[in-house]
Amino acid sequence: MADADRTLQPGQIVPLISQRDGDTHVVVRLTSHWRTDPLVASAVTLDTVDQSLTPAEVELAVAELPGEPFSVTSFQGRKVAGVHVRGKLPGLVITAGQHANESSGVVGALRAARHLNSHRDAHYALVALENPDGAALHHHLQATHPTHMAHAARYTALGDDLEARLKPPFGEKAARLEAIARTDARLHLSLHGYPAHEWTRPRAGYVPRGSELWTVPKGFFLIFRRHPGHDGMRFLSALTEELLSGSPELAEFNAGQQRMWQAHVGDLPFERINGIPCLITTDERSTVPFTLVTEFPDETIRGAAFHLAHTTQMRTVLVAARLYWKGLLA
Ligand SMILES: [Zn+2]
């Protein structure tokens, strides 16, 4: 069994670290866990929200979206809520919060959903928070360690990466699969984030195995996966052009972070298209022919930085949807 196997289900591992005088102690306790967060929350103003949303806040925001609701229940009993808007245009799937400590995509997806209906015949399904149990843990950990990246919250309550579930029971992933089945989507927008500050000291001699790419931020970037025989470069070129030219703030942010990467690491490990690094792969990991993964360095950020993050996620959804529906991925 590979040590980077994302299908392993060791359970939710919750690191609780506190400072005490005297010797250092490590205590490992096995406990059961269930939903304890309140079911009702007051609605937040999504356009200006400056920190990650709780699962209850997301549930409430999804309930206010247009479209036919569908849902599955998470391992700990939370709702993984989706909406489906039927139209004549090609189907689109939008998901966020697969890795629940990457929280800007959740807000970006919810904000985008309120604008997508302005397209006549828009056809999409959206799951704004795929991993609510992880999000609950994220909030729990943030309360005591607000600047920690909380990678424990990346996983589900079973301890796996939900995307890696390739056979039943699919659990939380069933919402994404239903979104794909309902829309017969040719494009899946999967909104993600990554550490907003260096993970290790550059040249410290330690680089997390298998995660070398993520040790120093390199700005907002995209991962574009397509099936063999599918191109999509016209779409990607138009998307990156519009994203950067439409936001001087993002352009400045990306240029600054890439200067930092250059200074500490060297050349970017993948090509830049119109100022946005793009990692392009050809594979059949998904049943959907085209997958666009967004990566905003959003872990631990709040305030104005978080606002730029979720605004960029929202803009990516809106521009990608428009280009897709214009036929650029045909
Ligand atoms: Zn992720």
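**Strands and helices**

Guide: Strand E3 (residues 92-96) pairs with E5 in the parallel sense, over 5 bridges. Keep in mind that this is a predicted model.

Visitor: OK, which residue is the bridge partner of Thr95 in E5?
Guide: That's Ser190.

Visitor: And how many bridges join E5 to strand E9?
Guide: There are 9 of them, and E5 and E9 (residues 290-299) run parallel.

Visitor: Switching to helices. Which residues of H4 are buried?
Guide: In H4 (residues 173-183), they are Lys173, Ala175, Arg176, Glu178, Ala179 and Thr183.

Visitor: What covers them?
Guide: The cover includes strands E1 (68-73), E2 (79-85) and E4 (124-127), along with E3, the strand that pairs with E5.

Visitor: What comes just after H4?
Guide: Asp184, which takes a positive phi of about 50°.

Visitor: What about H3, how many residues does it have?
Guide: H3 (residues 132-144) has 13 residues, and from first C-alpha to last it reaches 19 Å, close to the 18 Å expected.

Visitor: Which of its residues are buried in H3, and what do they pack against?
Guide: Among the buried ones are Pro132, Leu137, His138, His139 and Leu141. The buried residues of H3 pack against helix H1 (55-63) and E2.

Conventions. Residues are numbered from 1 along each chain as its sequence is written. This is a predicted model: local features need pLDDT of at least 70, side-chain atom pairs count only at pLDDT 80 or more; totals for chains, interfaces and linings use all residues. Two strands pair if DSSP finds at least two bridges between them. Helices (H or I, at least four residues) and strands (E, at least two) are DSSP runs, numbered from the N terminus. A residue is buried if 20 or more other C-beta atoms lie within 10 Å of its own, exposed if 12 or fewer, and partly exposed in between; C-beta atoms are placed from the backbone. Two residues are in contact if their C-beta atoms, placed from the backbone, lie within 7 Å. The expected span of a helix is 1.5 Å times one less than its number of residues.
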